[in-house]
Amino acid sequence: MNRRTQPKPEEAARLERAFEAVFTTVTGYNALDERIAKTHAKKGCLLMVLAHPEIPLHNNPAELGARARVRKRDVSFGPRTHEGAQAWDTFMTLAETATKLGVSFYRYIHDRVSGACQMPSLADLIEERAQVLNLGASWNTS
């Protein structure tokens with residue numbers, strides 16, 4: 001894994017100035033000027049990576065997770081009730097979370113439905129993983 005480091009204050013300031021130069025430009029073309037202004041309004045989120053270099057620069061995992069939900073909806077023509085939609089969302093979220101944690105979704109559901117509860121909860125596994133990931137000093141809130 002390529003580990004990025006936090007930029008030096010001078011480099012972060014240079015990048016912020018460059019962002020300002022690009023996203024305060026006025027072209028005279030209304031649609032483009034509106035788009036530039038909308039992007040400028042998101043400056044805090046877009047430049048957050050300067051303070052938190054461990055943030056991924058893309059959202060591919062989120063996009064892939066949403067795609068599984070869309071495929072299920074397309075195949076089965078969607079849920080029939082509001083409760084059905086909630087059940088879909090719950091189970092799709094559990095399945096994605098289990099997969100990301102390296103846990104067999106089938107085994108996890110069987111463990112919970114059977115009442116055995118021999119496997120740790122997904123919440124406990126997430127907490128353990130967060131401790132191991134060591135997200136960097138920039139996320140330390142203590």
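This is a predicted model: local features need pLDDT of at least 70, side-chain atom pairs count only at pLDDT 80 or more; totals for chains, interfaces and linings use all residues.
Local features needed a pLDDT of at least 70 and side-chain atom pairs a pLDDT of 80 or more, while totals for chains, interfaces and linings use all residues. Residues are numbered from 1 along each chain as its sequence is written, and side-chain values use heavy atoms, with hydrogens and water left out.

The protein chain has 8 helices and 0 strands (DSSP runs, H or I of at least four residues for helices and E of at least two for strands, numbered from the N terminus).

Helix α1 (residues 9-23) packs on helix α2 (residues 30-41) at about 155°, axes 9 Å apart; axes are lines fitted to C-alpha atoms over the stretch in contact, and angles run from 0 to 180 degrees between N-to-C directions. The two helices are therefore roughly antiparallel (over 145 degrees).

Then come the salt bridges, 4 in the structure (a side-chain nitrogen of Lys or Arg within 4 Å of a carboxyl oxygen of Asp or Glu). Arg14 pairs with Glu11 at 2.7 Å between the closest N and O atoms; the two sit 3 residues apart in α1, about one helical turn. Glu20 bridges to Lys43 at 2.8 Å, N to O. Glu20 lies in α1 and Lys43 in α3 (residues 43-46), so this pair ties together parts 23 residues apart in sequence. Glu16 joins Glu20 and Lys43 in a salt-bridge network. Arg112 meets Asp111 at 2.5 Å, N to O; Arg112 is partly exposed at 26%, whereas Asp111 is buried at 6%.

How values were computed:
Angles under 35 degrees count as roughly parallel, over 145 as roughly antiparallel, 65 to 115 as roughly perpendicular and the rest as oblique. Buried means under 20% relative accessible area, exposed over 50%, partly exposed in between (1.4 Å probe, protein chains only).
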